[in-house]
Amino acid sequence: MSTKSFALLCIRQDVARHGHLTPEGMRIYRDCKLTARELSQATSQGLELYQQWRRK
């Protein structure tokens with residue numbers, strides 16, 4: 001797994017856990033030099049997981 005893929009996974013999990021982008025997620029975004037589009041996609045996927053969990 002590449003560093004970029006791992007960073008996206010971490011952001012997705014962080015958003016799924018908290019329901020929003022945390023300072024830790026922003027740090028990962030900046031440190032790994034992800035694009036805004038990649039951040040947006042990872043955040044929306046994490047929010048989908050969070051919403052599924054909340055519905056149960």
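How many salt bridges does a search of the whole structure find? Three, where a salt bridge means a side-chain nitrogen of Lys or Arg within 4 Å of a carboxyl oxygen of Asp or Glu. My notes follow.

1. Ground rules. This is a predicted model, with local features needing pLDDT of at least 70 and side-chain atom pairs counting only at pLDDT 80 or more, while totals for chains, interfaces and linings use all residues. Residues are numbered from 1 along each chain as its sequence is written, and side-chain values use heavy atoms, with hydrogens and water left out.

2. Lys 4 and Glu 38 meet through their side chains in a salt bridge, at 3.1 Å from N to O. This pair links distant parts of the chain, 34 residues apart: Lys 4 sits in helix 1 (residues 3–18) and Glu 38 in helix 3 (residues 36–55). Helices here are DSSP runs (H or I, at least four residues; strands would be E, at least two), numbered from the N terminus.

3. How covered is that pair? Buried means under 20% relative accessible area and exposed over 50%, with partly exposed in between (1.4 Å probe, protein chains only). Glu 38 has 17% relative accessibility, so it counts as buried. Lys 4, at 38%, counts as partly exposed.

4. Arg 27 forms a salt bridge with Glu 24, with the closest N and O atoms 2.5 Å apart. Both lie in helix 2 (residues 23–31), three residues apart, or about one turn of the helix. Arg 27 also meets Asp 31 in a salt bridge, at 2.7 Å from N to O; those two are four residues apart in helix 2, again about one turn. Through shared partners, the salt bridges join Glu 24, Arg 27 and Asp 31 into one network. As for accessibility, Arg 27 at 36% counts as partly exposed, and Glu 24 at 39% is partly exposed too.

5. Helix 3 geometry check. The expected span is 1.5 Å times one less than the number of residues. For the 20 residues of helix 3 that gives 28 Å, and the end C-alpha atoms are 28 Å apart, so the two agree.
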